[in-house]
Amino acid sequence: MTHRISRRNVLAGGAALLSMSALGPAFAQEARLRVLWWGSQARADRTNKVNQLFQEQNAGVAINGEFLGWSDYWPRLATQVAGRNAPDIIQMDYRYIVEYARRGALAPLDDYLGSVLKVEDFDQVQIKGGSVEGKLYGISLGANSAAMMVNAAAFEEAGIELPTPSTTWEEMARMGAEITKAGKRKGFYGLSDGSAVEPLLENWLRQRGKALFTADGKIAYDANDAAEWFAMWQKMREDKACVPPDIQALDQYNVETSPLSLGKAAASFAHSNQFVAYQGINKDKLALRSHPLIDKEAKGGHYRKPSMFFSVSAQTKDPELGAKYVNFFVKDPKAADILGVERGVPESAAVREQLASTLDELGRAMLDYVSGLGALAGDLPPPPPSGAGEAEFALRNVAEQVGFGQLDAKQGGETLVNEVSQILARG
Amino acid sequence: MAAVQDTAVAVGTGASSRPAAQSRLARIWASHGAGYMFLLPWLIGFFGLTLGPAIASLYLSFTNFDLIRAPEWIGTANYARIATADPKFAAAVKVTFLYVVLSVPFKLAFALLVAILLDRGVRGLTVYRAIFYLPSLLGGSVAIAVLWRQLFAGDGLINSLLAQFGIEGPSWISHPDYSIWTLVVLSVWQFGSPMIIFLAGLRQVPTDMYEAASLDGASKFRQFYKITLPLLTPVIFFNAVVQTIDAFKAFTPAFIISGGTGGPINSTLFYTLYLYQEAFGNFRMGYASALAWILVLIIGLFTAFSFLTSRYWVHYDD
Amino acid sequence: MTDATMSSVTAPPPVPTGRRGPVGSVLVHAALIAASIAMVYPLLWMISASVRPEDEIFASTSLWPSSVDFSSYVRGWFGLDVSFGRFFWNSLVIAVLTVVGNVVACSLAAYAFARLRFAGRKFWFAIMLGTMMIPYHVTLIPQYVLFLDLGWVNTFLPLVVPKFLASDAFFIFLMVQFFRGIPRELDEAAMMDGCGAWRIYWKIMLPLSLPVLATAAIFSFIWTWDDFFGPLIYLNDMNSYTIQLGLRTFVDSSSTSDWGGLFAMSTLSLVPVFFFFLFFQRLLIEGIATTGMKR
């Protein structure tokens with residue numbers, strides 16, 4: 001409270017003349033929950049229905065839902081949190097949860113475990129995925145894993161079998177080159193250039209027994225690893241197994257700008273919960289595949305991670321009510337029917353069982369993919385440190401410098417490790 | 001600012017024609033009060049809405065404010081880092097200066113040229129004017145991002161045209177050597193605002209002066225050079241100053257076209273885009289505020305310089 | 001005295017077109033038409049994108065859709081929780097209030113800077129220009145806190161009230177430049193007749209400045225129509241969303257976007273601004289009759 005007052009004094013400055021600072025907005029309702037999430041109208045339709053259901057079952061509670069597209073979501077959330085006007089329930093991303101939790105913007109939920117939050121039938125690893133520095137700050141809304149989106153029709157045209165869970169990078173590169181060479185479509189290549197895709201790099205590193213970050217927030221790979229990674233992609237670029245750099249640079253790493261959706265490549269690297277969206281804007285039939293292996297025996301590159309969380313704001317008046325809402329969202333059978341797998345595969349075993357029979361083909365493919373990874377999936381890595389977002393930018397920047405020939409693979413490896421180390425040290 | 005030259009005539013003569021027995025207070029009111037009366041709404045807005053947040057951001061530039069926790073005073077550390085240890089700052093400054101230098105002159109020249117063509121009694125003036133303003137209606141809409149790709153991507157319209165001449169172009173919009181140019185083209189394409197201002201300025205040129213000049217047998221070029229141009233200088237000056245300020249502060253074009261990254265390889269990392277990334281992406285509002293005040297300083301110097309030189313080439317009627 | 005000046009208005013100026021021969025005229029039109037195509041092509045593409053099948057938007061570069069289908073318009077208009085008509089209304093309210101606020105408040109301030117003598121004028125003018133230079137991203141949060149304290153968040157007030165307090169220095173500066181182009185003899189004559197500053201502003205400055213006032217009105221309307229960052233921060237309830245916020249709701253880069261709906265509604269959203277522009281640009285022309293005669 002004290003820090004709020006001191007900051008307000010500073011911020012209001014000369015403006016205090018006009019402000020009636022004592023008057024906060026007065027709320028008519030006894031209990032009111034503001035829920036903020038990112039997503040499309042389709043997601044909003046489902047979420048609003050669940051909110052309606054919750055209000056019906058909890059007299060005296062009013063829920064205000066607000067939603068925005070991903071890129072607009074973060075500045076609005078940051079402004080509201082900074083202005084001490086945060087929504088009570090905040091949809092959180094795996095990366096940002098650390099940034100917000102460490103700075104004290106989220107309420108720890110450990111006290112409600114077992115009483116209000118009945119998540120015993122969750123995969124325990126996924127509960128851990130919502131923890132930061134030993135405290136629980138987010139309840140996973142769905143499991144997810146990095147995945148390769150493959151244009152099945154393009155593979156077929158070129159007369160090439162789809163990749164399997166045991167396909168290696170070497171084989172994948174060959175497939176890519178062959179598709180390009182087949183030349184069935186104009187300006188069409190086998191693969192996207194994945195050298196800047198952080199989850200893909202992470203997958204590759206994990207197969208080598210490394211990782212992106214250590215538990216204490218340092219870089220967990222060295223310049224040789226990075227140089228080898230860049231060299232692998234350099235080779236693929238030379239063999240025309242993947243798209244050239246200026247086409248790859250069109251990719252903003254979202255659904256509609258990926259080389260796959262642009263009709264430039266037969267495969268792109270993304271996350272399994274985006275499968276529906278990818279299929280939605282691609283005419284050809286797509287398939288969901290795991291990432292290639294460094295060799296036939298490699299294991300544990302993948303991991304199931306929460307696709308997104310619900311967190312409760314530290315500024316909320318009634319965190320218990322918040323926890324109750326979140327529990328309803330992930331556990332209630334009626335809510336589950338409404339939500340489906342739109343936010344990823346549900347974490348609750350009971351809900352998964354309930355949904356299994358009702359899913360359409362795409363939902364089925366997602367569920368099967370995430371639950372069928374087997375030995376390809378390993379442990380959840382420690383949550384990304386502060387500065388991880390910037391580190392991802394750095395990877396992209398260096399990968400582009402290598403792609404456009406401004407650096408060779410070895411220089412690229414050194415530059416990347418250097419930059420990432422500096423970013424993490426700054427925090 | 002040097003441009004606002006005082007001319008004593010107006011209020012002075014008015015005051016002297018009033019009854020002589022006025023108190024000192026009334027005299028002060030007569031010479032200063034009216035000005036402040038007219039300025040009142042702006043002054044209220046300035047003190048009530050603008051000044052506070054500006055001071056706050058100046059204060060925050062000396063702190064490590066991370067949007068969520070209380071800011072801590074860290075002295076000039078942010079400024080020191082900017083000056084000595086921030087390669088991205090250097091990259092952003094370079095990109096921004098390039099953008100200012102390329103986009104402002106082209107945009108202004110184009111706008112002036114079209115305004116003059118349209119002003120000189122072209123048939124269908126209103127139709128052309130409306131068409132030329134259309135791109136500016138789109139502003140920074142999300143649709144622009146998609147449109148620009150359709151034009152400047154590898155298989156976009158521009159390359160299809162070039163292919164007619166046997167030229168195989170790169171993907172202009174996503175190539176580090178050319179991407180900034182696509183943003184310059186976007187800026188020039190949206191030349192509607194300065195064009196309208198030029199047109200309004202041309203309207204203010206008294207036509208009897210042209211008549212006199214025609215009688216004297218002055219050529220059209222001479223008429224333009226001797227009559228139109230000098231009378232248009234206040235408007236040219238205005239457009240140059242505000243377009244330069246706008247170009248320094250440009251954010252939306254790079255934001256929507258690069259998807260907020262400023263890529264490829266920082267080639268479209270506008271200053272304010274970098275500032276935005278630091279503030280909202282990396283939770284360094286304190287650092288971003290320091291960046292902002294350095295930008296204010298840069299723009300301020302440019303503007304002050306323009307005003308200083310303006311007395312040599314801008315002609316006011318008063 | 002203004003009446004006397006008005007009566008001396010001659011017909012619109014005999015613009016010297018005579019010396020441009022037919023060849024020159026054809027050349028000029030050829031150039032203008034070529035430029036027009038470059039101006040219009042992207043808009044045609046957008047309209048075409050609004051009626052083509054969704055999976056064709058990104059993969060095809062042709063201007064002609066393989067099939068025409070207006071369902072995007074229906075889906076766009078009714079597909080969100082709140083109908084797009086509501087967003088149009090909200091944008092219209094904010095834009096019209098902004099036009100009024102900017103024209104009134106900025107012309108007052110501009111008159112003071114251009115014509116009146118008072119202590120500290122140059123100082124305030126410099127400060128006013130200075131306010132144009134601060135990137136809004138860093139004043140956003142202090143301003144948000146201020147408006148939150150005033151209880152204005154989630155209303156139109158943070159977007160509209162500042163305009164009535166001349167917060168947009170661009171328009172003040174613009175009007176100052178034009179006001180200074182109006183001959184001082186007119187003020188002086190009026191002053192001799194005993195007119196005060198207020199009457200001069202009202203009877204001489206404003207009537208003689210129609211082109212610049214129309215310009216300010218056009219820009220205010222269009223820029224407000226296009227603005228999205230202010231509404232994004234201050235309007236939380238979808239019922240108070242503006243068009244730009246509504247449009248961005250179609251796009252979520254992490255999941256499914258409705259591109260057809262986006263282009264359909266983008267196309268529709270241009271209609272009101274375009275008509276506003278057409279209407280006010282007539283004032284730009286009428287400006288000739290009013291200001292062309294001076295001296």
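**Close-up views of a predicted model**

**View 1. The two domains of chain A.** The domain assignment, automatic or taken from a database, divides chain A into domain 1 (7–143 + 306–361) and domain 2 (146–303 + 387–426). The structure is a predicted model, in which local features need pLDDT of at least 70 and side-chain atom pairs count only at pLDDT 80 or more, while totals for chains, interfaces and linings use all residues. Residues are numbered from 1 along each chain as its sequence is written, and chains are lettered from A and ligands numbered from 1 in the order in which they are written. Taken over C-alpha atoms, the centres of domain 1 and domain 2 of chain A are 32 Å apart. Four residues of domain 1 of chain A are in contact with four residues of domain 2 of chain A (contact: C-beta atoms, placed from the backbone, within 7 Å). The side of domain 1 of chain A that touches domain 2 of chain A has no nonpolar, three polar and one charged residues (nonpolar: Ala, Val, Leu, Ile, Met, Phe, Trp, Tyr, Cys and Pro; charged: Asp, Glu, Lys and Arg; polar: the others, Gly among them).

**View 2. The contact of chain B with chain A.** Here 33 residues of chain B are in contact with 34 residues of chain A. Helix H2 (24–60) and helix H13 (271–281) of chain B are the elements giving two or more residues to this side of chain B (helices are DSSP runs of H or I, at least four residues, and strands of E, at least two, numbered from the N terminus). H2(B) gives the most, with eight residues. This side of chain B comprises 16 nonpolar, 13 polar and four charged residues.

**View 3. The contact of chain B with chain C.** The contact takes 87 residues from chain B and 89 residues from chain C. On the side of chain B that touches chain C, H2(B) gives the most, with 19 residues. By class, that side has 52 nonpolar, 25 polar and ten charged residues.

**View 4. The kinked helix H11 of chain B.** Helix H11 (residues 220–248) of chain B has 29 residues, yet its end C-alpha atoms are only 36 Å apart, short of the 42 Å that a straight helix would reach at 1.5 Å a residue (expected span: 1.5 Å times one less than the number of residues). A kink of about 50 degrees lies at B:Thr233, shortly before the proline B:Pro234 (bend: the angle between axes fitted to the seven residues ending there and the seven starting there).

Methods:
Contact = placed C-beta atoms within 7 Å.
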